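Reader: Hello! Could you walk me through one part of this protein up close, after a quick look at the whole?

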Amino acid sequence: MTKSSNTEIQAVKSDMLSRFETSGIRHGFYTKHGGVSSGIYASLNAGLGSNDARENVLENRVRIATHLGVAPTHLAGCYQIHSARVVTVLKPSQDERPEADGMVTNVRGVALGILTADCGPILFADENSGIIGACHAGWQGALTGVAENTITAMVDLGAHRENIVGVLGPCIAQKNYEVGAEFEARFRSHNPAFAKYFVPALKPNHFQFDLHDFILDKLSACGIQAHKTGQCTYADEANYFSYRRTTHRREPDYGRQMSAIALAPETLP
């Protein structure tokens, strides 16, 4: 493992969240550039669940934490299970990974990190209340309410819905997200209006699913300010890992990019 300058890290920034940096809220939808991993994991693979060398993944996560201005031990994460479960992080730790897909905190010096490789990473912030959140919204979590539950957990900590900004980061776009008829039927069974997020695919009895708009509409329905960065992880191979792209190529494994938000310490580095 060869360490290199932390300035090599690349991240997509949301203008809506960047305006909060003066209050110590930092964030990044990290690409796969700026790490030490190699091969199919090159280079900023943050996924401890991958088969990448553990020491490389840990170094990559150190770089992300440092980039956010928090101690490496204060980058919190979950053991993601495609659920709607959300936890409140009051004690910073990189070793405790509760089974959940959303996190919130009001503790300075803590970063919340979400891993994705086509699913939707959502970062939240209420600057006025000093409360942040992050969640992993795959189709299951998005359908069953992980975003809504994250917002509710922020409100329980003292946030105000009208002040919360939520930004959906890079995830798979509709033109690359083909699903079967049973998938579309599952969404319609929850709400017939959800049919609008599907268009017929070229393959018979298949559809293209719009995860981007599905998540954005759910965020807006919660009464928050909802935005997206707009990148497609499947299409942009130069910058993002993609589970579906890996599956189509029959590759043995894939990397995970991290999206993270932090309440930096009062004294910023």
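Author: Happy to! In this predicted model, the mean positions of the 25 positive and 27 negative charges of the protein chain lie 3 Å apart (Lys and Arg count as positive, Asp and Glu as negative, while His and the chain ends are not counted; each charge is placed at NZ of Lys, CZ of Arg, CG of Asp or CD of Glu). Local features need pLDDT of at least 70 and side-chain atom pairs 80 or more, whereas totals for chains, interfaces and linings use all residues. Residues are numbered from 1 along each chain as its sequence is written, and side-chain values use heavy atoms, without hydrogens and water.

The protein chain holds seven helices and 14 strands (DSSP runs numbered from the N terminus, H or I of at least four residues for helices and E of at least two for strands). Its C-alpha trace spans about 55 × 45 × 30 Å along the principal axes. Of the 269 residues, 54% are buried, meaning under 20% relative accessible area with a 1.4 Å probe, protein chains only.

β5 pairs with strand β4 (residues 86-88) in the parallel sense over three bridges; a pair needs at least two DSSP bridges. Here Val 104 of β5 is the bridge partner of Thr 88. With strand β8 (residues 131-137), β5 pairs in the antiparallel sense over four bridges. There, Met 103 has Ala 134 in β8 as its bridge partner.

Terms used. Buried < 20%, exposed > 50% of the residue type's maximum accessible area, 1.4 Å probe, protein only.
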